[in-house]
Amino acid sequence: MPQEQYAPRSTMQTSEGPQDGMGNLRITDKGLKLEGDSEFLKPLYAKEIRSRPGNPLYFQSARNVTVNILNDKTKVLTRLVTGPQAVEAHSQKFEVKTLSGKLLFSADDNEVVVGAERLRVLGAEGTVFPKSIETPNVRADPFKELRLESPTRALVMEAPKGIEINAEAGSLKATCRTELRLESKDGEITLNSAKIKLPNLPQGSSSSAGSRQKIYELCVCPNGRLFLSQAGTSSTCQINTSVCL
């Protein structure tokens with residue numbers, strides 16, 4: 001019984017077809033050139049991937065696009081994953097710089113650095129710092145209100161060479177629920193103003209009975225509490241048990 005003969009298939013191109021590639025793939029003196037959309041079913045190894053001058057370069061995936069940097073032992077050193085939920089960067093240090101090389105943002109295990117001239121927080125609720133923050137200057141936008149608030153804990157401001165609080169275009173207000181203290185261990189406390197008002201101080205008894213003048217003397221109890229006493233020709237301050245206790 002005679003055996004069937006099969007002619008071998010050849011993948012070589014004939015002289016009638018293109019000589020610099022096939023389909024959307026072309027071979028040029030600068031490497032391989034792909035026209036239109038291309039799909040790779042297995043890994044692609046290349047030293048450089050770039051688009052035509054003036055045209056964008058797209059990487060499209062149904063799940064995510066991952067860029068890995070490996071060492072000579074194929075161990076991942078850095079990884080960038082752009083997925084449907086987030087963009088993740090895995091590395092020892094993450095940096096964002098301008099075209100001129102100026103550092104705008106960096107983050108590592110020890111600290112996060114913002115190198116821009118100004119850090120703006122646009123959220124309506126402001127910024128929450130669970131622990132401490134170190135900065136030489138905290139200010140609001142022009143004609144905007146600046147609030148430093150601790151709803152459930154204490155608010156502490158410390159500086160080795162002093163703290164300066166300025167409200168050049170408005171007023172300054174400090175409120176608390178229990179006690180507000182101004183304390184200076186080695187210096188003095190100066191209240192420099194044309195008017196200093198203490199409207200809610202209690203009034204103690206005075207020795208100038210019958211005087212109708214609404215002029216009062218500011219008195220100090222032994223425990224440091226202030227109270228008012230109706231002024232007379234001499235000091236009318238005396239220890240008032242109903243006020244100083």
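**Disulfides in the predicted model**

Let me begin with the bond between Cys 219 and Cys 237, where the torsion about the S-S bond is about -80 degrees, so the disulfide is left-handed. This pair links distant parts of the chain, since Cys 219 sits in strand β10, residues 216-220, while Cys 237 belongs to the loop between β11 (226-230) and α1 (241-244), 18 residues apart.

How many disulfides does a search of the whole structure find? The search finds two, and the other one to discuss joins Cys 221 to Cys 244, with an S to S distance of 2.1 Å. The link of Cys 221 and Cys 244 is left-handed, with -75 degrees about the S-S bond. Cys 221 lies in the loop between β10 and β11 and Cys 244 lies in helix α1, so this pair ties together parts that are 23 residues apart in sequence. Here Cys 221 counts as buried at 4% relative accessibility, and Cys 244 counts as buried at 9%.

If we then number the bonded cysteines of the protein chain in sequence order, the pairing reads 1-3, 2-4.

Finally, a word on another cysteine: is Cys 176 buried or partly exposed? With a relative accessible area of 45%, Cys 176 is partly exposed.

Definitions and conventions: Residues numbered from 1 in each chain as written. Predicted model: local features only at pLDDT ≥ 70, side-chain atom pairs only at ≥ 80, totals over all residues. Heavy atoms only, no water. Disulfide = S-S within 2.5 Å. Helix = DSSP H or I, 4+ residues; strand = E, 2+ residues; numbered from the N terminus. Buried < 20%, exposed > 50% of the residue type's maximum accessible area, 1.4 Å probe, protein only.
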